[in-house]
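Hi,

Here is the structure I promised to pass on to you. Have a look at it first, and then read on for what I found in it.

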Amino acid sequence: MKTFPSKSISYGVLLLIFNCFSTTASGFFFQSQPVTPTLKDTYAEYFTIGASVGPRSLSGPDSILLSQQFSSITAENVMKMGPIHPEIDRYEWQWADAVTAFARSHHMKVRGHTLCWHNQTPDWLYKDAEGQTISKDELYQRLKEHIYTVVNRYKGDVYAWDVVNEVISDGEEFFRNSDLYKISGEEYIAKVFQFAHEADPDALLFYNDYNTINPQKREKIYQMVKTLLDKGIPIHGIGMQGHWNIYSFSEENLRASIERFASLGLQIQITELDISVYPSESGRRSKRDDENDQFTPAKEQKQIEVYDQIFKVLREYKDVITSVTFWNVSDRHSWLDNFPVRGRKNYPLLFDEENQPKKAFYEVVNF
Ligand code: GLA
């Protein structure tokens with residue numbers, strides 16, 4: 001964060017003191033013995049291992065697990081446009097600063113997430129003071145200001161950005177018909193990659209999406225990225241989110257997507273890995289009274305097998321895969337506890353609700 005040295009140093013120092021204290025205190029109470037081997041050491045010769053974090057993970061037991069097991073972090077929410085730039089003339093830096101300060105004090109890399117997305121994006125991006133939809137040129141001006149400001153602030157801290165998130169449709173149409181798309185068509189996608197590259201020519205720029213191992217969506221992503229590359233747009237990698245589940249994960253499809261994307265000469269990162277113990281569902285709903293949300297031995301066994309298959313494939317493609325990030329730290333807290341079913345506990349990660357390694361963890365580190 002070269003542009004704001006005094007602020008960043010004072011914030012970093014405060015956080016370091018806080019973390020030293022909380023790490024020592026909670027280490028004493030919760031987890032005095034580090035779990036070995038660690039994910040980050042086991043995979044040091046393969047790819048960095050990351051986790052997404054919210055502010056609460058930067059202190060207490062999660063912070064211990066993070067510093068022991070992971071070599072990279074991603075802000076789960078606080079670098080998204082809504083939280084970091086809630087009003088056209090106001091930025092909220094404190095939580096994103098805390099993430100980069102934590103990473104610096106624990107020698108971790110930071111993936112930035114995300115510069116342009118149709119979700120968690122404030123209305124001001126699309127509307128003028130009268131509430132009218134703005135022109136395409138005005139949209140580009142606003143995106144450029146946002147991207148220049150955020151990327152510049154974290155230059156030197158964030159080595160890779162998810163520049164564009166989830167623009168490909170899951171349905172018949174090619175592109176998602178988002179507010180961004182309605183204003184500019186597909187043209188904005190190239191623009192935001194260019195803005196990010198201008199802001200930090202050293203940063204690695206990713207296109208990030210889910211359902212990337214679905215054959216139809218894989219092909220659309222491939223075509224879109226190829227078209228952009230052919231035009232000379234700066235893209236360095238594809239982020240495969242990796243929100244999979246124990247019922248429908250396909251090793252064959254994972255392999256096919258890695259090969260297809262790598263054929264573009266790009267690096268690949270798994271950016272949001274978690275393995276739900278429920279089948280996928282469209283639409284959101286509340287938990288039904290008769291719904292069992294226990295982590296049964298059968299689900300546990302299936303999850304071990306899926307994690308085993310995934311990491312076997314990822315290790316095979318270590319030449320093109322440069323990072324694997326889990327979406328959240330442990331089963332203590334996962335966004336899947338409330339998505340797509342509110343209040344239904346999920347168990348998608350390698351550490352349990354007490355931050356202890358699950359059997360799947362040992363499957364992943366013992367190979
Ligand atoms: C998508 C986004 C992430 C996050 C998850 C749910 O995958 O890319 O930022 O919002 O959904 O946590």
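How do the residues of the lining of the largest cavity divide into nonpolar, polar and charged? There are one nonpolar, five polar and two charged residues in that lining. You can find them in the model, which is a predicted one: they are Ser52, Ser57, Asp62, Asn328, Val329, Ser330, Arg332 and His333. The space inside this largest cavity is about 40 Å³. In total, three cavities of 30 Å³ or more turned up.

The second largest cavity also has its own set of neighbours. Its volume is about 40 Å³, and its lining includes Lys80, Met81, Trp117 and Thr121. Strand β3 (residues 109-116) contributes the most to this lining, with three residues. By type, the lining of the second largest cavity has four nonpolar, four polar and one charged residue.

Now for the ligand, which takes up the space of the largest pocket. Around the ligand you will see Lys80, His113, Trp117, Gln120, Asn165, Glu166, Gln241, His243, Glu272, Trp327 and Trp335. This shell is made up of three nonpolar, five polar and three charged residues.

The side chain of Gln241 has an N or O atom 2.8 Å from an oxygen atom of the ligand. For Trp327, a polar side-chain atom lies 2.9 Å from a ligand oxygen, and for His243 the distance from a side-chain N or O atom to a ligand oxygen is 3.2 Å. On its own the ligand has 300 Å² of accessible area, and the protein covers 90% of it.

Enjoy exploring!

Technical notes. Residues are numbered from 1 along each chain as its sequence is written. This is a predicted model: local features need pLDDT of at least 70, side-chain atom pairs count only at pLDDT 80 or more; totals for chains, interfaces and linings use all residues. Side-chain values use heavy atoms; hydrogens and water are left out. On a 1 Å grid over the protein atoms alone, a cavity is a set of points where a 1.4 Å probe fits but cannot get out, and a pocket is an open set with protein on both sides within 12 Å along at least five of seven lines; lining residues have an atom within 4 Å of a point. Grid points are joined across faces, edges and corners, and a volume is the space filled by probe spheres set on the points. Ala, Val, Leu, Ile, Met, Phe, Trp, Tyr, Cys and Pro count as nonpolar, Asp, Glu, Lys and Arg as charged, and the others, Gly among them, as polar. Helices (H or I, at least four residues) and strands (E, at least two) are DSSP runs, numbered from the N terminus. A residue is near a molecule or strand if one of its heavy atoms lies within 4 Å of it. A polar contact is a pair of N or O atoms within 3.5 Å; within protein, one must be able to donate a hydrogen and the other to accept it, and residues adjacent in sequence count only if both atoms are side-chain atoms. Accessible areas come from the Shrake-Rupley method with a 1.4 Å probe; for residues, only the protein chains shown count as cover. A molecule sits in a cavity or pocket if more than half of its atoms lie within 2 Å of its grid points.
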